[in-house]
Amino acid sequence: MAEALFRAEIKRRKIKFVDVASAGIFAEGSTVINENSAKCLTESGIDFSKFHPRQLTHKMIESSFLVFCMTKDQCQLLDSFENVHSIEEVVGFDIPDPYGYDIDVYRHTAALLNEAINSIIDRFFS
C-alpha cells in the first residue's frame, strides 16, 4: 500500500522529480498484492496495477536517495546504510504490518501511511 499511496500523492501534488518503490525485508514468495491491500486501495481510488511485491536488496538501497522503513526494528536491520531511516524518525510512530488482520486494520494502516507520506513529502520534497 505504501508505494501506491505515495505514488498517488506525488502525482496529486504534481511532483515530477520523485519516484518511489517498495520492497519487503521478508517479502519472499508472494507475486501479487495482498487481497486486503488491494481492497483498501480500490476503496480509495488508488491505482496499484503496476505494483508487484519484491524482496529488498542491497543494490536497491544503494541506488536510492532515501529509504524509509515502516518500523524502527526494520531500520536497525539496515543500519549500515546512511540513507535508511524509519518512519518513526519523521512522524514519531511506527507503522505496524497489517498482514493477517482484517480490512479495518488495513484501512487504519493506510491512514497512518497517508500521514507519514505527507510528512515525508513536506520535509524532504517541498
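The lining of the largest cavity has six nonpolar residues, one polar and one charged. In that sorting, Ala, Val, Leu, Ile, Met, Phe, Trp, Tyr, Cys and Pro are nonpolar, Asp, Glu, Lys and Arg are charged, and the others, Gly among them, are polar. This is a predicted model, in which local features need pLDDT of at least 70 and side-chain atom pairs count only at pLDDT 80 or more, while totals for chains, interfaces and linings use all residues. Residues are numbered from 1 along each chain as its sequence is written, and side-chain values use heavy atoms, with hydrogens and water left out.

Back to the cavity. A cavity is a set of points, on a 1 Å grid over the protein atoms alone, where a 1.4 Å probe fits but cannot get out; a pocket is an open set with protein on both sides within 12 Å along at least five of seven lines; and lining residues have an atom within 4 Å of a point. Grid points are joined across faces, edges and corners, and a volume is the space filled by probe spheres set on the points. The count comes to one cavity of 30 Å³ or more, and the largest has a volume of about 30 Å³. Its lining is M1, A2, E3, A4, S22, I33, L41 and F51. Which helix gives the largest share of that lining? That would be α1, with three residues.

The second largest pocket holds about 240 Å³ of space. E3, A4, R7, A8, K11, I46, D47, F48, S49, K50 and F51 line this pocket, and they divide into five nonpolar, one polar and five charged.

Let's stay with α1, which covers residues 2-12. Helices here are DSSP runs of H or I, at least four residues long, strands are runs of E of at least two, and both are numbered from the N terminus. Buried means under 20% relative accessible area, exposed means over 50%, and partly exposed is in between, with a 1.4 Å probe and protein chains only. As a reminder, an α-helix has 3.6 residues a turn, so residues three or four places apart point the same way. The buried residues of α1 pack against α2 (35-43) and α6 (103-124).

Two of them deserve a stop. L5 is buried at 5% relative accessibility. Contact means heavy atoms within 4.5 Å, and, leaving aside neighbours within four places in sequence, L5 is in contact with L41, I46, A110, L113, N114 and I117. L5 and L113 are 108 residues apart in sequence, with their C-alpha atoms 7.6 Å apart in space.

Then there is E9: buried or exposed? E9 is buried, with a relative accessible area of 12%. Its side chain makes a polar contact of 2.9 Å with that of R13. A polar contact is a pair of N or O atoms within 3.5 Å; within protein, one must be able to donate a hydrogen and the other to accept it, and residues adjacent in sequence count only if both atoms are side-chain atoms. Outside four places in sequence, E9 touches I117, N118 and I121. Just after α1, K14 takes a positive phi of about 60°.

Now α2, where N36, S37, A38, C40 and L41 are buried. Their cover includes α1 and α6. N34 caps the N-terminal end of α2, with a side-chain oxygen 2.8 Å from the backbone nitrogen of N36. After α2 comes G45, whose phi is positive, near 70°.

Last, the aromatics. Rings of Phe, Tyr and Trp (its six-membered ring) pair if their centres lie within 6.5 Å; planes under 30 degrees apart count as stacked, over 60 as edge-to-face and the rest as tilted. The count comes to three aromatic pairs. The rings of F68 and F124 have centres 5.6 Å apart and planes at 55°, so this pair is tilted. F68 lies in strand β1 (residues 67-69) and F124 in helix α6, so the pair ties together parts that are 56 residues apart in sequence. F124 is partly exposed, with a relative accessible area of 30%. F17, F68, F124 and F125 form one aromatic cluster.
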